[in-house]
Amino acid sequence: MTDACFCARCHKNFHSDYIVRYISDDDVVYTERDYICTYCGYVNSVYEGEEEAKDWCFTFGFGQKHEGHYHIIRGGREQTKKIMFERFGNKWGFQYSSTEAAGVKRYGLKELK
Ligand SMILES: [Zn+2]
């Protein structure tokens, strides 16, 4: 199935197939639709679970200013993503539902307060 989607990174409208992901977070299972942007390749996730305030873990990409760090913001999924764009523009990598999912220990990432 192809849906119209607005890319959170390059701010273009694109059409893409989606992949449904099931994310287990403690005892709650969330679903996400992942849309791959046909312009920049960014994976846009549309959250379909219940929006509860929680700590989201954001990482930074290779070659970016804060590479090797992670940043925690508490709130809803889309709300915290907007805050990341306000704080860092598009100079960040991915949003994860936990520090475990982000591989904080595995990659030795440091918290950016
Ligand atoms: Zn894009």
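**Exercise 1. Count the helices and strands of the protein, then read their order along the sequence.**

Solution. Begin with the rule: helices are DSSP runs of H or I with at least four residues, strands are runs of E with at least two, and both are numbered from the N terminus. On that basis the protein has three helices and eight strands. Along the sequence the pattern reads β-β-β-β-β-β-α-β-α-α-β.

Two notes before you go on. Residue numbers start from 1 along each chain as its sequence is written. The model is predicted, and local features need pLDDT of at least 70, side-chain atom pairs count only at pLDDT 80 or more, while totals for chains, interfaces and linings use all residues.

**Exercise 2. Work out the strand order of the open four-stranded sheet, and find which strands stand at its edges.**

Solution. Take the pairs one at a time; two strands pair if DSSP finds at least two bridges between them.

- Step 1: K54 stands opposite G75 in β6, and F58 has H71 as its bridge partner in β6.
- Step 2: β5 also pairs with β7, in the antiparallel sense, over two bridges. Here the bridge partner of F58 is Q95.
- Step 3: β6 and β8 (residues 110-111) run parallel, with two bridges between them. In β8, Y70 has E111 as its bridge partner.
- Step 4: put together, the order is β7-β5-β6-β8, with mixed pairing. β7 (95-96) and β8 each have a single partner strand, so they stand at the edges and one side of each is left without a neighbour in the sheet.

As background, strands of a sheet pair through backbone hydrogen bonds, either parallel or antiparallel.

**Exercise 3. Describe helix α1: its span, its buried residues and its place against the sheet strands.**

Solution. First, the span. α1 covers residues 77-88, twelve residues, and reaches 17 Å from its first C-alpha to its last, close to the 16 Å expected at 1.5 Å a residue. The expected value is 1.5 Å times one less than the number of residues.

Next, burial. A residue is buried if 20 or more other C-beta atoms lie within 10 Å of its own, exposed if 12 or fewer, and partly exposed in between, with C-beta atoms placed from the backbone. In α1, R77, T80 and K81 are buried. They are on the same side of α1, because they cover an arc of only 105 degrees around the axis, where the arc is that of the directions from the helix axis to the C-beta atoms. An α-helix has 3.6 residues a turn, so residues three or four places apart point the same way.

Then, the place. α1 lies across β5, β6 and β7, and runs at about 130 degrees to β6. Such angles run from 0 to 180 degrees between N-to-C directions, with axes fitted to C-alpha atoms, for helices over the stretch in contact. Finally, α1 is followed by G89, whose phi is positive, near 60 degrees.

**Exercise 4. Are F6, D3 and I19 buried or exposed?**

Solution. F6 and D3 are found in β1 (residues 2-6), and I19 in β2 (residues 13-25). F6 counts as exposed because it has 12 C-beta neighbours inside 10 Å. D3 has 12 as well, so D3 is exposed, and I19, with 12, is exposed too.

D3 and H15 are twelve residues apart in sequence and 5.4 Å apart, C-alpha to C-alpha. I19 and D34 are 15 residues apart in sequence and 5.2 Å apart in space, C-alpha to C-alpha.

Terms used:
Two residues are in contact if their C-beta atoms, placed from the backbone, lie within 7 Å.
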